Amino acid sequence: MEVNRAGGVAAILGNPFNENEIQVTPFLNPTTVAYLDGLNTILMYIRSEKNPMATLLPGKTLIGTKPAPVMAHFSSKGPNVIDPNILKPDITAPGFNILAAWSEASSPLKIPEDRRVVKYNMQSGTSMSCPHVSAVIALLKSFHPDWSSAAIRSALMTTCNSVSLQQIELLVKFSYRISNRQLLILTAATTNNVVGRPITNATGNDGNPFEYGAGHFRPSRAVDPGLIYDATYTDYLLYLCSQNIRLDSSYNCPKKVPAASNLNYPSLAIANMRGSSMTVTRVVTNVGKDNSTYVLAVRSPPGYVVDIVPKTLRFSKLAEKHSFNITVTAQSSIVSRNEFSFGWYTWSDGVHMVRSPIAVSSSA
């Protein structure tokens, strides 16, 4: 609008974040957006040419761009400001340049100068990821009407990422039950983004669980997660006891309250760990198939050793539950104080991959 008021007929804007994607804006006047390196080239041309010329071509829709997904600069990031012992965000979902329904009572730019009326508009933000996830949750609830909200969240989180070759090698060490066919299926699966590399952030660097949580959600896999981390109303009341919050006057907190990290969450976060080690408990419920055996693979966060016992879970029927202990031990010579380090652990029966991220920091 300022360019227009100054008598300009078009504008070239620089993208300040220099990320892999440019956020679409419904400009009133002809406008294009350039990456910072391209913008510098344009400025050099303008300053060196007596009669600089520019041609703005119509926009085109590109399909199958790589790499994808990429974390946007505006994405809400961890650690959890309310309680860093609960890893947030949980997952990531499509939220960048989403074609969304739009009220005709509002112009695309929502400014007085914009008098256009449209039924659809391109929008970006976590508010665009939310309806994607909400719709998938509704779909999962129709498949599994008896599942709690915690179970559905677990299914979405633990099925985000496919297995990597390194995970397969670790799994094979613990189990001879994985057949050649199952190994073929696992090795054929993609990892992280569509080019087989870790999901990157807006700057092009590798992302971490504080940016994408458990990863980019995969709805088709969430229907059959194999195992779920369920939690009851009482579980949450017990967790709130660790935060000195009384939500239900009929519930009395025990004299010895478990640490917040013990909430039966599909991820694990331990913030400012005191002492050299800490042990937490998780409980999984079999929702896959009868007579199944799950084996463990772990990648410890740098500077820590993660030991999970037992390393094999055997289920004889559906809805059967098993618990396991996770002990995180700091290697004092390596750990940086109050700095989070990330890893993961995965349970697999050769068909299902139940993957959980780990975030740990030490106060020592």
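V306 stands opposite V328 in β11. The model is a predicted one, in which local features need pLDDT of at least 70 and side-chain atom pairs count only at pLDDT 80 or more, while totals for chains, interfaces and linings use all residues. Residues are numbered from 1 along each chain as its sequence is written, and side-chain values use heavy atoms, with hydrogens and water left out. Helices (H or I, at least four residues) and strands (E, at least two) are DSSP runs, numbered from the N terminus.

Strand β9 covers residues 304-309, and β11 covers residues 321-330. The two pair in the antiparallel sense over 6 bridges, where pairing requires that DSSP finds at least two bridges between two strands. D307 is placed opposite T327 in β11. In a regular strand the side chains alternate between the two faces of the sheet. In β9, Y304, V306 and I308 point to one face and are buried (under 20% relative accessible area with a 1.4 Å probe, protein chains only; exposed is over 50%, and partly exposed lies in between).

## The four-stranded sheet

Strands β9 and β11 belong to an open sheet of 4 strands with the order β5-β7-β11-β9 and antiparallel pairing. Because β5 and β9 stand at the edges, each with a single partner strand, one side of each has no neighbour in the sheet.

## The five-stranded sheet

A further open sheet, of 5 strands, runs in the order β6-β13-β12-β8-β10 with mixed pairing. Its edges are β6 (268-273) and β10 (312-315), each with a single partner strand, so one side of each is left without a neighbour in the sheet. On average, neighbouring strands of this sheet are turned by 20° against each other, direction ignored; axes are lines fitted to C-alpha atoms, for helices over the stretch in contact, and angles run from 0 to 180 degrees between N-to-C directions.

Strand β6 pairs with β13 in the parallel sense over 4 bridges. Within this pair, I270 lies opposite V360 in β13.

## Helices α4 and α9

Helix α4 (residues 149-158) is mostly covered, with 8 of its 10 residues buried. These are A150, A151, I152, S154, A155, L156, M157 and T158. They pack against α3 (126-143), α8 (219-222), β5 (227-228), α9 (233-242) and β13 (353-362), contact being heavy atoms within 4.5 Å.

In α9, the buried residues are L237, Y239, L240 and C241. Just after this helix, N244 takes a positive phi of about 60°.
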